[in-house]
Amino acid sequence: MTPQAIPARRRRAVVVGAGPVGCLAALMLAKRGWEVSLYEARPDPRLSSAKAASQQRSINLAISHRGISAIQAIDGSMAQRFMQTAIPMKGRMIHQLDGKWNSQLYDRDGQCINSIDRALLSEYFVNEVSASENIRVFFQHKVLAVDFDCRNITIEDTNNALTTTPSFDFCVGADGSYSVVRRQLMRVVRMNYQQEYIKHEYMELKMPASQDDEGCMKFALDPNHLHIWPRHSYMLIALPNKDCTFTCTLFAPSEELDRLNTPDIFLNWFRLNFPDALQEIGEKNLIHDFTHNPRSSLICTKLNPYHYKDRAILLGDAAHSMVPFYGQGLNCGLEDVRILNILFNQESAMSTASELLTDQEDEQMKRVLSRYSQERHKDLLAINELAMDNYVEMRHLVTTPIYLARKALDNLLYKISSPQYRSLSSLIPLLSDELYSENEPRGWLPLYTLVTFRPDVSYDTVRRTVARQSAILTGVGFVGAAMLLGLAGVWMSYATKSRYR
């Protein structure tokens with residue numbers, strides 16, 4: 001008697017959080033054949049009410065090669081459509097207190113990072129997931145609890161207060177810094193968790209579009225730069241939008257913002273520290289944003305592991321919130337999805353399951369998730385530290401002679417060693433199949449180039465490479481100082497002898 005074949009079904013995934021990372025994770029799973037339900041507590045970002053609410057928080061993101069290559073690895077045509085909404089920025093424009101400014105290019109080969117409107121980005125990804133046959137999207141659905149052992153999630157539809165408990169095979173937590181999925185996961189995982197609020201907060205401001213002689217809209221500043229007003233313990237930055245406006249973000253210590261507690265005090269302080277920016281923003285606009293836009297905290301979270309058995313994982317800010325000063329929060333989160341997708345491929349994880357084996361652990365999925373925690377942890381620690389270091393550079397060091405001299409030496413060594421230029425398009429085939437390049441980069445590469453324009457190099461490798469290069473530069477500095485002291489000693493000896501002849 002021939003045994004009956006065990007019926008198979010498509011595996012069910014729930015993704016919590018419909019931000020860029022959650023949407024890309026949902027698309028990745030859907031393309032692999034999973035049946036995906038995507039839950040988001042907030043309203044549909046395409047609704048006018050949601051757009052109005054988004055104006056009070058950061059609406060700009062900087063996407064660079066790591067993020068673009070991650071989207072490309074999941075869907076190449078989607079990446080091409082996505083880039084049409086971005087504005088390339090070739091460098092930093094440093095605004096000094098006296099009104100002078102200077103451009104600091106990001107890369108000798110002209111590579112750029114890209115400014116993109118957060119609202120446009122959210123709409124873009126939501127449109128993509130909504131068009132997928134394998135994905136169902138639920139807005140205003142709040143996660144109340146997750147039972148990972150029973151594989152079900154309790155969801156409240158906040159429109160009508162109805163509660164449901166759908167089952168899943170795999171749960172992805174991409175629900176941000178204050179992740180509900182992470183809190184639920186900590187009940188069943190022996191998770192090492194660290195949270196830190198830094199002493200600075202931020203506030204969003206808006207620089208309106210200017211007009212040319214014919215009354216047409218134009219940018220008030222060069223749109224192909226990220227503009228920075230560094231002022232030691234605080235700074236202002238501005239990123240361009242497609243409508244010719246700039247989104248400005250003021251970063252300052254909490255106690256400094258506490259002192260600026262009235263519109264007049266804030267206006268006078270802003271006039272003293274950012275006079276050229278105030279001229280473009282306008283006093284009325286500045287006061288409006290000061291009185292209407294909230295102050296927001298900056299948080300770092302570190303944890304390990306990121307998964308539970310064969311059935312749950314944390315991605316994006318839910319796993320690794322970081323300060324925004326390297327522009328890598330979005331890029332790192334999207335890269336999480338690329339890494340997970342490649343591990344699925346390498347472990348041959350299936351998109352179907354036997355109905356009779358639902359209570360058993362899937363060894364392939366278990367290896368995928370275990371490898372993810374092992375492979376990703378050191379990289380996430382590295383970029384968290386690099387992002388914090390870059391804040392000191394952006395708010396102060398970019399104006400100091402020592403920084404400028406060291407950057408010039410860094411670029412000179414980069415030019416002399418002349419490592420082969422690796423365009424993003426040349427790296428895409430590799431990054432669609434492999435986690436990173438097998439070999440460490442050859443030649444001398446600046447830190448910013450490694451982090452931003454070399455997605456084939458892991459963050460941990462970046463940290464180790466730059467530590468080695470910094471040791472060399474420090475050694476060069478000591479040698480140079482010793483030579484100068486030696487020359488000075490010889491000159492003084494010669495001068496003394498000449499004096500007493």
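Two residues are in contact when they have heavy atoms within 4.5 Å of each other. Keep that in mind for the first stop. The model on your screen is predicted.

**Stop 1**

Now widen the view. The largest nonpolar core has 113 residues. Leu29, Phe170 and Phe344 touch the most other members. Colour helix 13, residues 363–395. Helix 13 gives the most to this core, with 10 residues. Another core, of 24 residues, lies apart from the largest one.

**Stop 1: helix 10**

Go to residues 283–292, which form helix 10. Highlight Leu286, Asp289 and Phe290; these residues are buried. They sit on the same side of helix 10, because they cover an arc of only 100 degrees around the axis. What do the buried residues of helix 10 pack against? Show strand 14 (192–207), helix 8 (263–273) and helix 9 (275–281).

Stay here and select Arg271 and Glu283. They form a salt bridge, with the closest N and O atoms 2.9 Å apart. Arg271 lies in helix 8 and Glu283 in helix 10, so the pair ties together parts that are 12 residues apart in sequence. Arg271 is partly exposed, at 35% relative accessibility. Glu283 is partly exposed too, at 39%.

**Stop 2: Glu128 and Arg81**

How many salt bridges does the structure hold? There are 28. For another of them, select Glu128 and Arg81. Their closest N and O atoms are 2.9 Å apart. Glu128 belongs to helix 5 (residues 118–130) and Arg81 to helix 4 (residues 76–83), so this pair ties together parts 47 residues apart in sequence. Is Glu128 buried or exposed? Glu128 is buried, with a relative accessible area of 17%. Arg81 is partly exposed, at 36%.

**Stop 3: helix 17**

Move to helix 17, residues 459–499. Pick Asp460 and Arg463. Their side chains meet in a salt bridge, 3.0 Å from N to O. The two are 3 residues apart in the helix, so about one helical turn separates them. Asp460 is buried, at 9% relative accessibility. Arg463 is partly exposed, at 26%.

Together with Asp460 and Arg463, they are linked in a network of salt bridges.

How values were computed: Residues numbered from 1 in each chain as written. Predicted model: local features only at pLDDT ≥ 70, side-chain atom pairs only at ≥ 80, totals over all residues. Heavy atoms only, no water. Buried < 20%, exposed > 50% of the residue type's maximum accessible area, 1.4 Å probe, protein only. Helix = DSSP H or I, 4+ residues; strand = E, 2+ residues; numbered from the N terminus. Arc of directions from axis to C-beta. Core = buried A, V, L, I, M, F, W, Y, C linked by side-chain atoms within 4.5 Å. Salt bridge = Lys/Arg side-chain N within 4 Å of Asp/Glu carboxyl O.
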